[in-house]
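Visitor: I would like to talk through this model with you. Could you take me through it piece by piece?

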Amino acid sequence: MLQVENLTKTYPSEDGVQTVLREVSLSLDAGASLALTGESGSGKSTLLTLVAGLDAPDSGAIRFQNHDLTQMDDAARADLRRGEIGVIFQQFNLIPSLDVAANIAFHARLAERADADWCSELARRLGLAGHLTRYPEQLSGGQQQRVAIARTLAARPKLVLADEPTGNLDEDSSDTVLDLLMSGVRDTGAALLMVTHSLRQAEKLDRCLHLSHGQVSP
Amino acid sequence: MRRAAFSALISHWRKHPIQLVSLVLGLALATALWSGVQAINTEARASYDRAAGILGQDELQRLEPRAGTIPLSDYIAIRRAGWLVSPVMDGAINLNGSRVRLIGIDPLTTPPQSAPVDLSGDGDLQSFILDGLLFAHPDTAAQIPDTLPAVRATETLTPGVIITDLSTAADLLETDSFARLILAPAQPINLLPLSEVAPNLLLVAPDEGNDIARLTDSFHLNLTAFGLLSFGVGLFIVHAAIGLAFEQRRPLFRTLRALGLRKSTLLTLLATELLSLALIAGMLGVALGYLVAAALLPDVAATLRGLYGAQVSGVLTLNPAWWLSGLAIALLGTAVAGAQSLWRTAQLPILAPAQPRAWAIASLKSLKRQAFVGAGLIVFAALLATYGSGLTIGFVLLGCLLVGAALTLPLFLHLALNLASKFSRTALSDWTLADTRQQVPGLSLALMALLLAMAANIGVGTMVSSFRVTFTGWLDQRLAAQLYVTARDETEAEDLARLLDGQVDAILPIRYIDAQIEGAPGQIYGIIDDVTYRENWPLLAATPDVWDRLAAGDGALINEQLSLREDLAPGDPVTLGAAQFPVLGVYSDYGNPRGEAILSLAQLREQDVAINGLNFALRLPETRIEDVTNLLTNAGLPARNIRDQAAIKAFSLDVFERTFTVTGALNVLTLGVAALALLTSLLTLSTMRLPQLAPVWAMGLTRAKLARLELLRAVILAALTAFIALPVGLALAWVLLAIVNVEAFGWRLPMTLFPGDWIGLFLAALIAAALSAAWPARRLATRPAADLIKVFAHER
């Protein structure tokens, strides 16, 4: 479903050009999960933003369901994100002006795939049923991340990209949130590509790749 | 340490140049409009003072006739009784078509306090008395033809005035009577009282002298109120810029305090920084204000001349009073705008986190609290409208109304957007409305400024347009005659009357005297009984058979100004000159600031004073206008002494339009400042909005679409603001028409509504909002993806 081939990404820096990703390749089948680990600055998050179509690589290809993201314009990549890809961020990035219920349904409604029952079910499963009329600022970090997961799953994406989804949570909350994420992904049949620092969490996924200095190693 | 700390503090502005520009520009524009208005007022008042000072009216008592002039015999009687008085002739002469005031004085008896010109030079007194030397302002001196005696230009005189010796004035004015007698400050003792020596004359105290200054007070108060409104609108920008700059620098404050900088030192440095910025912006504002004043002064001078007969120089002089006051108001404004921020910094714990986002987000509770205060002010304004009176109360009412409405605006917007979201059907519209609602606190100051500017625009626009409609209709009624003729002397007037007999439908003589009306200077007209008046004269209130009773000499008609000023209604007695008459009716008399009355011509003649009687109004068929004009010019009357109805209407309307040129210009400038406030606020907020926009972008909305939504958001907010500006503007118009105008000018106008103007203003507001949002929206549309990705990468 997802093939990343020879992906290279550089950024200009004060010392010249900094290569963040160097000829990175990986693949991910539908319904499978893959953990990306690596130290800070290894390029994990950059790889995720490229796969999400949020940024464009210098070279290489990203094929998702037979579409090459690198050949798409900004609008087409936006369409793809809206319909097929869900992104979960470390900082939750909820919409502060919408309440929990509206946040959960938001992505699905954008994708014109809103299903009130499914949203309610997700809220129940993620322990948010009692918080639907609250606003993000009124929730704890763990609760906010559960809303972010629910928002992503509510849209039933084919691919879920999670960038250190538990990076801002304590250990207990992290495990709970990750379990909820994985069961949700499993139930929707989506593939999961997750960036994490934690090897313990990475082991819970089907496969794990390590990224170091912009290069992948198994 | 101080230098390093100060350098660190001001480095903020290098990093945020838009904030710096908005702060300096906001303050400069606010100062410019305020100091421009002050420059105009200062210049005009200086002209009035010069005019009053010419004859020491501001310092010395004087005797004035109750009506007409003071005959030579009265003057001789007073002198013989031992009173030290100096006679003054005062009249007008024509100089190349424009009327100039000519004042004749007796330099030998004029008290030093009232000496209008310096005659201390060698031979000056001799030239003044024997050669008839004239003194005039350089502008007026340039108009004096060679046929008149020699003229000496002097800057100390007001334009439009000529001073000369009594004998020269008597020749030029063709009179031997006096306008007033000035009393020397020291008089011999044991004199017969003036009331016995000259029972027909009024003793006028010096403080009552400056009529023009008193008459024009309301005009200048109007200008000042507009200047203050513009200044207030500008302060919204300054407050917003300072507030954000302080909030964004909280981490820096924290670091500086942690490094050992005393709180008092930090506050001193911040105050110094604000003071420096205020001085720079103030100087820029004063310079801009000078340009504004210089551009507007000729129109103001024309207005004051047309409306009040006040002569004001059309050229601006640099007066330290107003540019110092401009700098002072800039400093004061900065102090007001920055006080809250400085106070918060003073209260700040060292480890308090920065909350630039929180700065822009206020809780619903605080919006409600603010709206509660606003509602209180509106209620107070309503109470003032019901129970208050006076011009000052009128302006306090306006202030309460405008500030009250501005304070309730954010809650109104919040509730309106809430209501709209109930009808929203898509995720995007849900988010747009919710996000717009969240933007309201951050944009509220700019939106309040927009509300004030729009309300002022609607209010003043409605007032001016109502005035225009009423005034035009009134002119049509009042200028019923087809031709207006001015004879050059009494003989010619009699000849013309004979010549026109049988040539026109009616000859309506226009006869009047200058007289004291209820203790204030005014004019009394005498008219003949004619169907023209019965059919056309605009009466606001009247007794039954008013025209029959007027013709029979049963009483007088008075103008609305006099009626309102003295609280006179039909049936009440009114003192005209030395006699009392019952009021038969009240007529509208727009554009005239003084009291005026109408008697039958026969009764006017009984007043025993010289009547000005050189004008006629002629009723005739339109087809005869050319023939009659030719008849008059062939009889030797200069063409400029014959004016048709259209010319007089055009002149009157021109005076009217000029009267409101200044308010119109200030209106536009205020709207411009409000649009700038919106632009700077949107630009400032755009840098803080990425965390809100990035997740939506990540979920599949392009930057271009987000940018379009930013535009839509600004337009929605402007539209809602315009929606509330309409009732506020109409309330403002009502206050201006029913309270301020009545107090200021003495007439009340019916309020006419102009929905076409509102639509125009509504569209202008939407376009201004869209243009204000265009720049930040374009920045968003072209923003590198990396900027948005950074939002997900680390805490902002």
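Visitor: Let's start in chain B. Which residue does B:Arg62 stand opposite in E7(B)?

Guide: B:Arg62 stands opposite B:Ile182 in E7(B). Strands here are DSSP runs (E, at least two residues) and helices likewise (H or I, at least four), numbered from the N terminus. This is a predicted model: local features need pLDDT of at least 70, side-chain atom pairs count only at pLDDT 80 or more, and totals for chains, interfaces and linings use all residues. Residues are numbered from 1 along each chain as its sequence is written, while chains are lettered from A and ligands numbered from 1 in the order in which they are written.

Visitor: How many bridges join E1 of chain B to E7(B)?

Guide: Two bridges join strand E1 (residues 62-65) of chain B to E7(B), and the strands run antiparallel. Two strands pair if DSSP finds at least two bridges between them. Strand E2 (residues 85-95) of chain B also pairs with E7(B) in the antiparallel sense, over four bridges. There, B:Val88 stands opposite B:Arg180.

Visitor: And which residues of E7 in chain B are buried?

Guide: Strand E7 (residues 180-183) of chain B is covered on both faces. B:Arg180 and B:Ile182 on one side, and B:Leu181 and B:Leu183 on the other, are all buried. A residue is buried if 20 or more other C-beta atoms, placed from the backbone, lie within 10 Å of its own; 12 or fewer makes it exposed, and in between it is partly exposed. In a regular strand, side chains alternate between the two faces of the sheet.

Visitor: What about chain B as a whole?

Guide: Chain B has 27 helices and 18 strands. Of its 796 residues, 45% count as buried.

Visitor: Changing topic: at what angle do H13 and H14 of chain B pack?

Guide: Helix H13 (residues 364-387) and helix H14 (residues 391-422) of chain B pack at an angle of about 150°, with their axes 7 Å apart. Axes are lines fitted to C-alpha atoms, for helices over the stretch in contact, and angles run from 0 to 180 degrees between N-to-C directions. H13(B) and H14(B) are therefore roughly antiparallel to each other; the cut-offs are under 35 degrees for roughly parallel, over 145 for roughly antiparallel, 65 to 115 for roughly perpendicular, and oblique for the rest.

Visitor: Which classes of residue make up that contact?

Guide: The contact of H13(B) with H14(B) has 21 nonpolar, five polar and one charged residues. Ala, Val, Leu, Ile, Met, Phe, Trp, Tyr, Cys and Pro count as nonpolar, Asp, Glu, Lys and Arg as charged, and the others, Gly among them, as polar.

Visitor: How many residues does each chain give to the contact between A and B?

Guide: Chain B contributes 24 residues and chain A 25, where contact means C-beta atoms, placed from the backbone, within 7 Å. On the side of chain B that touches chain A, H15(B) gives the most, with eight residues. By class, that side has 15 nonpolar, five polar and four charged residues.

Visitor: Now chain A. What is the strand order in the six-stranded sheet?

Guide: The order is E6-E7-E8-E3-E9-E10 (chain A), in an open sheet with mixed pairing. The edge strands are E6 (85-88) and E10 (215-217) of chain A. Inside chain A, strand E3 (residues 33-37) and strand E8 (residues 191-195) pair in the parallel sense over four bridges, with A:Leu34 opposite A:Leu193.

Visitor: And the four-stranded one, what is its order?

Guide: That open sheet runs E2-E1-E4-E5 (chain A), with antiparallel pairing.

Technical notes
Contact = placed C-beta atoms within 7 Å.
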